[in-house]
Amino acid sequence: MLNRPKVTIIGTGNVGSALAQRLLTQNIANVVLVDVLVGKAAGIALDLYQAGAVESYDREVIGTDQYADTANSDVIVVTAGVPRKPGMDRNDLLRINAQIVTTSVPQAIAVSPEAIVIVVTNPLDVITYLTWQVSGLPPQRVIGMAGALDTARFQSFIAQELNISSVDVRAIVMGGHGDLMVPLPRYASVNGIPLTELLSAKVIAGLLERTRHGGAEIVQLLQTGSAYFAPAAATHEMIEAILSDRGRIIPASAYLSGEYGLANLFMGVPIKVGKNGVEQVLELKLTSQELELLEASAQAILANIAELSRSI
């Protein structure tokens, strides 16, 4: 048997299932789907395995409720949790999803102590902090996915406004994964052309607002669920960067220990992603206004961390 990379996905909801399909169809890794509903995990795994005969992929995929089956994973992805419903804030999910993570993550790390953990469960930044605490891992090996997703949304909205391919758009979103995230139009461009030369300040302000509420917009449209294709794509990008050791620069929720004047929290910042997880936190030169917005976002995350400490 070939020594192939192994990715464990905790949770077989829409995000976990869509991510598994991406990893398999691109022959990135063998996949283990874990869920307390073992029949669901096994059923999705069997369905994905049979699809391989059509789509010509040959990676292994299993569904289980036994963490022993996840042993020696290279990457563990935490998607388990309750999704948002219309009218719910990401923070409404805190207590429920914190309990799920507290139960599942230590079991996964016990059999894959060298793994890198990517967190998708909301509220993203505080759940990533909790994952770090309960895993016992160095902070560099725990990453929250959201920055890549928020940036993708910003890039998509820019492309839509300009009626161009999103492939030519580069942007970055920092801060927490919520209404106080900090899209940075100064660092956005289209094939090297600054965004500020292509769109008016008023239009850009509208794009920033839409980006901040990009997830809620989808929740309102779906009514019975939340986004999953884009979150799965963003998570796939991070996994591929880790397994291929590509040194990609991707915005993600990473542990800060003084960068941007902030410490002891996970928050969206540009990072270098490679085989060791977070290999570098990049410190951009921000304006005083941008720093104020980042500080406000950080304070909201720290308040959630304090609330989490009181509730568990």
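The model is a prediction in which local features need pLDDT of at least 70 and side-chain atom pairs count only at pLDDT 80 or more, while totals for chains, interfaces and linings use all residues. Residues are numbered from 1 along each chain as its sequence is written, and side-chain values use heavy atoms, with hydrogens and water left out.

The C-alpha trace spans about 55 × 45 × 40 Å along its principal axes. Among contacts in the protein chain with a separation of 6 or more, 70% come from residues 24 or more positions apart, where contact means heavy atoms within 4.5 Å.

Of the 312 residues, 52% count as buried; buried means under 20% relative accessible area, exposed over 50%, and partly exposed in between (1.4 Å probe, protein chains only).

In soluble globular proteins, nonpolar side chains tend to be buried together. The largest nonpolar core in this model has 82 residues, of which Ile9, Leu33, Val77, Ile239 and Ile271 touch the most other members. Such a core is a set of buried Ala, Val, Leu, Ile, Met, Phe, Trp, Tyr and Cys residues joined through side-chain atoms within 4.5 Å. Beyond its neighbours within four places in sequence, Val77 is in contact with Val7, Thr8, Ile9, Ile10, Leu19, Ile118, Val120, Thr235 and Ile239. Another core, of 15 residues, lies apart from the largest one and includes Val169, Ala171, Ala188 and Leu208.

An open sheet of 3 strands has the order 7-10-11, with antiparallel pairing; two strands pair if DSSP finds at least two bridges between them. Strand 7 (169–170) and strand 11 (193–194) form the edges, each pairing on one side only. Strand 10 (residues 189–190) pairs with strand 11 in the antiparallel sense over 2 bridges, and Val190 has Ile193 of strand 11 as its bridge partner.

The structure holds 6 aromatic pairs, in which rings of Phe, Tyr and Trp (its six-membered ring) have centres within 6.5 Å; planes under 30 degrees apart count as stacked, over 60 as edge-to-face and the rest as tilted. The rings of Tyr129 and Phe266 have centres 6.5 Å apart and planes at 80°, so this pair is edge-to-face. Because Tyr129 lies in helix 4 (residues 124–135) and Phe266 in strand 13 (residues 263–274), the pair ties together parts that are 137 residues apart in sequence. The pair of Trp132 and Phe266 is tilted, because the ring centres are 5.9 Å apart and the planes stand at 55°. Trp132 is buried at 17% relative accessibility, and Phe266 is buried with a relative accessible area of 0%. Ring pairs link Tyr129, Trp132, Tyr255 and Phe266 into a cluster.

A few backbone details complete the description. Asn122 and Pro123 are joined by a cis peptide bond, with omega of about -5°, and Pro123 sits in the loop between strand 5 (116–119) and helix 4. Ser56, although not a glycine, has a positive phi of about 65°. This serine, Ser56, is found in the loop between helix 2 (38–55) and strand 3 (61–64) and is exposed, with a relative accessible area of 62%. Asp245 is not a glycine either, yet has a positive phi of about 50°; Asp245 lies in the loop between helix 8 (229–243) and strand 12 (248–257) and counts as partly exposed at 37% relative accessibility.

Note on methods:
Helix = DSSP H or I, 4+ residues; strand = E, 2+ residues; numbered from the N terminus.
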